[in-house]
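Here are some exercises to work through with the structure on your screen. Try each task yourself before you read its solution.

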Amino acid sequence: MTLRRLARVIARFAPILALALFAIPAAHAQVMTLSGRYQCAVAHVAGKTVPCSSAPLTLKTDGKFELRGWEGSYLVDGEWVELSDSVVRSRAKIEPGHKIVFRYRGKHGWCEMVYERRVAELGKTSLS
């Protein structure tokens, strides 16, 4: 194929390609907002379900968090949320149903803390 023939082929399909690029709507990434107040819904310690009396986890819109007096910043990375301050870093998995799950090795074995987001709707507050 000569250079001149290649230029003609490109010139023939360039308007169609340009039209297709402008006709296809731009894809916008969904922004997942995790900010809100999360209540500890359930805890599993060494394979047993125990009552959860942990303090609520608050994720603020400015990227800061608060948990039982611990304050710092959080960062969402895919399906994980990382909580950190100047010394400590913790990572929790984001699960469907507005849940954040911390899994760690405690003094009694593996622990799992499930936090569910509090949603206020029409004056009432419920776990969702």
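**Exercise 1. Salt bridges**

How many salt bridges does the count come to? Take a few of them and work out what they link.

Solution. Keep in mind that you're looking at a predicted model.

Step 1: the count comes to five salt bridges. To qualify, a side-chain nitrogen of Lys or Arg has to sit within 4 Å of a carboxyl oxygen of Asp or Glu.

Step 2: begin with glutamate 79 and lysine 93, whose side chains meet at 3.1 Å, N to O. Glutamate 79 is in the loop between strand E5 (70-77) and E6, while lysine 93 is in strand E7, so this pair ties together parts 14 residues apart in sequence. Glutamate 79 is partly exposed at 41% relative accessible area, and lysine 93 is partly exposed too, at 22%.

Step 3: go on to lysine 99 and glutamate 116, a salt bridge with 3.7 Å from N to O. Lysine 99 belongs to strand E8 and glutamate 116 to strand E9 (residues 109-121), so here the tied parts are 17 residues apart in sequence. Lysine 99 is partly exposed, with 27% relative accessible area, but glutamate 116 counts as buried at 15%.

Step 4: look for shared partners. One of the links is between the side chains of glutamate 95 and arginine 103, at 3.2 Å, N to O. Glutamate 95 is partly exposed, with a relative accessible area of 24%; arginine 103 is partly exposed as well, at 43%.

**Exercise 2. A charge without a salt bridge**

Find glutamate 82 and work out which side chain of opposite charge is nearest to it.

Solution. Step 1: glutamate 82 is found in strand E6, which covers residues 80-84.

Step 1: this residue is buried, and its nearest side chain of opposite charge is arginine 89, 4.2 Å away. The cut-off for a salt bridge is 4 Å, and glutamate 82 has no salt bridge.

Step 2: see what else surrounds it. Leaving out residues up to four places away in sequence, glutamate 82 touches Ser73, Tyr74, Leu75, Asp77, Arg89, Ser90 and Arg91.

**Exercise 3. The disulfide**

Which cysteines form a disulfide, and what parts does the pair tie together?

Solution. Step 1: searching the whole structure turns up one disulfide. Cysteine 40 and cysteine 52 form it, with their sulfur atoms 1.7 Å apart.

Step 1: Cysteine 40 is in strand E1 (residues 36-45) and cysteine 52 in the loop between strand E2 (48-50) and strand E3 (57-59), so the pair ties together parts 12 residues apart in sequence.

Step 2: check the geometry. The link of cysteine 40 and cysteine 52 is right-handed, with 100 degrees about the S-S bond.

Step 3: check the surroundings. Cysteine 40 is buried, at 8% relative accessible area, whereas cysteine 52 is partly exposed at 22%. Have a look at cysteine 111 as well: at 10% relative accessibility, that residue counts as buried.

**Exercise 4. A hairpin**

How many bridges join strand E7 to strand E8? Trace the pairing and the turn.

Solution. Step 1: three bridges join E7 (residues 89-95) to E8 (residues 99-106), and the two strands run antiparallel.

Step 1: find a facing pair. Isoleucine 94 stands opposite isoleucine 100 in E8.

Step 2: The hairpin has three residues between the strands, and glycine 97 takes a positive phi near 90 degrees.

**Exercise 5. Buried or exposed?**

Is aspartate 62 buried or exposed?

Solution. Step 1: locate aspartate 62 in the loop between E3 and strand E4 (64-67).

Step 1: read its accessibility. Aspartate 62 has a relative accessible area of 55%, so it is exposed.

Step 2: compare sequence with space. Aspartate 62 and tyrosine 74 are 12 residues apart in sequence, with 9.3 Å between their C-alpha atoms.

Notes
Residues are numbered from 1 along each chain as its sequence is written. This is a predicted model: local features need pLDDT of at least 70, side-chain atom pairs count only at pLDDT 80 or more; totals for chains, interfaces and linings use all residues. Side-chain values use heavy atoms; hydrogens and water are left out. Helices (H or I, at least four residues) and strands (E, at least two) are DSSP runs, numbered from the N terminus. Buried means under 20% relative accessible area, exposed over 50%, partly exposed in between (1.4 Å probe, protein chains only). Lys and Arg count as positive and Asp and Glu as negative; His and the chain ends are not counted. Contact means heavy atoms within 4.5 Å. A disulfide is a pair of cysteine sulfur atoms within 2.5 Å. Two strands pair if DSSP finds at least two bridges between them.
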